[in-house]
Amino acid sequence: MRPARVWSDMASVTADAASARPGISFFERYLSLWVALCIVVGLGLGHVLPSLFGSIASAEVANVNLVVAVLIWLMIVPMLLKIDFAALGSVRRHWKGVGVTLFINWAVKPFSMALLGTFFLGYLFAPLLPKGEASAYIAGLILLAAAPCTAMVFVWSNLCDGEPNFTLSQVALNDLIMVFAFAPLVGLLLGVASVTVPWDTLLLSVGLYIVVPVVAAQLLRRAVLASGGQAALDRLLVRLGPISLTALLATLVLLFGFQGEAIIAQPLVIALIAVPILIQVYFNAGLAYWLSRRFGVAWCVAAPSALIGASNFFELAVAAAISLFGLKSGAALATVVGVLVEVPVMLSVVAIVKRTRGWYEQGSIA
């Protein structure tokens, strides 16, 4: 397949997104643009108002920055409201697709990212990076890969006409596994990457940014459904969507405000960090897609399986990186690069799986 046609398809996907069901919102569609603007705004404010950023950085309790904690809750809870854990009952209907995605998310993606990050940032690009920062960037990439995507997966699945029940059940299962597996997996990979693991902070992050938000979101979801049904929940999600995105962008402004001097001194850092992220996304999406075809999974399940296997819960990764390593850390910066490339790269994956549907179904026995 010619690259020009893939990117043409990607542009078509973007243009058609507004009419899709439920569709990708205007802000989501141009997320990378907003992130780029946050870089500019953050760099400018960090230079003009260094005392303000210093005050924000000092507002900590038990290594948790209070300002960022509030922003991250506003990011995460609206996304978790979309998850219905009752959907776990339908996992058996698509057990092959679920098996492929679980294998990619938990047995391949975190380890492949650790390997790619170590190779590119620890060795190949090391002379081009700020001295002593490579391990921090690798840690950020590990945090990014250890958290399977939650909310945006529904958008990607919808854009490629994926099976909605499979998508919902797979995301619910990944969220449940994440409650128990995120901390041990991150601890293992950070140790392998020779990064000191602050276990107390890691466990606190899991509690603050996974367990508590999941419980709070499920309680709120049940209350809203009980009082007004699905229509009331849909209205609430529409109202909370802009709040969630605004909180994300505000967090990014803070991050780049603190990272300003390092970025200006090393303008290639963001591009270099993006290299292993891009390779990892296409590798895991391709592997999930190929395995699904090999095992005879229907295309409407294989397409979202590839997307779930490729995307990341970058909001959680940003939160964990800030808690573990600080607002000014290279780890936090690395997770933000994941936000920067998320939308265009995932739209390209959507275009590829749609373009190759004929090829896929020729080899699928399901």
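**View 1. Helix α3 and the nonpolar patch.** Helix α3 (residues 31–48) contributes three residues to the nonpolar patch, the most of any element. Helices are DSSP runs of H or I with at least four residues, numbered from the N terminus. This is a predicted model, in which local features need pLDDT of at least 70 and side-chain atom pairs count only at pLDDT 80 or more, while totals for chains, interfaces and linings use all residues. Residues are numbered from 1 along each chain as its sequence is written, and side-chain values use heavy atoms, without hydrogens and water. V41, L45, V48, L49 and L52 form the patch, which covers about 400 Å² of surface. Patch residues have over 30% relative accessible area and no salt bridge, and nonpolar side chains (Val, Leu, Ile, Met, Phe, Trp, Tyr) are joined within 5 Å. Areas come from the Shrake-Rupley method with a 1.4 Å probe, and for residues only the protein chains shown count as cover.

**View 2. L52 in helix α4.** L52 lies in helix α4 (residues 50–58). Its relative accessibility is 44%, so L52 counts as partly exposed (buried is under 20% relative accessible area, exposed over 50%, partly exposed in between).

**View 3. Helix α8.** Eight of the eight residues of helix α8 (residues 152–159) are buried, so the helix is largely enclosed by the rest of the structure. Among them are F154, W156 and N158. Just after α8, D161 has a positive phi of about 55 degrees.

View 4. The side chains of E361 and R357 form a salt bridge at 3.0 Å, N to O (a side-chain nitrogen of Lys or Arg within 4 Å of a carboxyl oxygen of Asp or Glu). The count by this rule is one. E361 and R357 are four residues apart in helix α15 (residues 357–363), and are therefore separated by about one helical turn. E361 is partly exposed at 41% relative accessible area, and R357 is partly exposed at 36%.

Key: Patches are made of residues with over 30% relative accessible area and no salt bridge: like charges are joined within 9 Å, nonpolar side chains (Val, Leu, Ile, Met, Phe, Trp, Tyr) within 5 Å. Helices (H or I, at least four residues) and strands (E, at least two) are DSSP runs, numbered from the N terminus. Buried means under 20% relative accessible area, exposed over 50%, partly exposed in between (1.4 Å probe, protein chains only).
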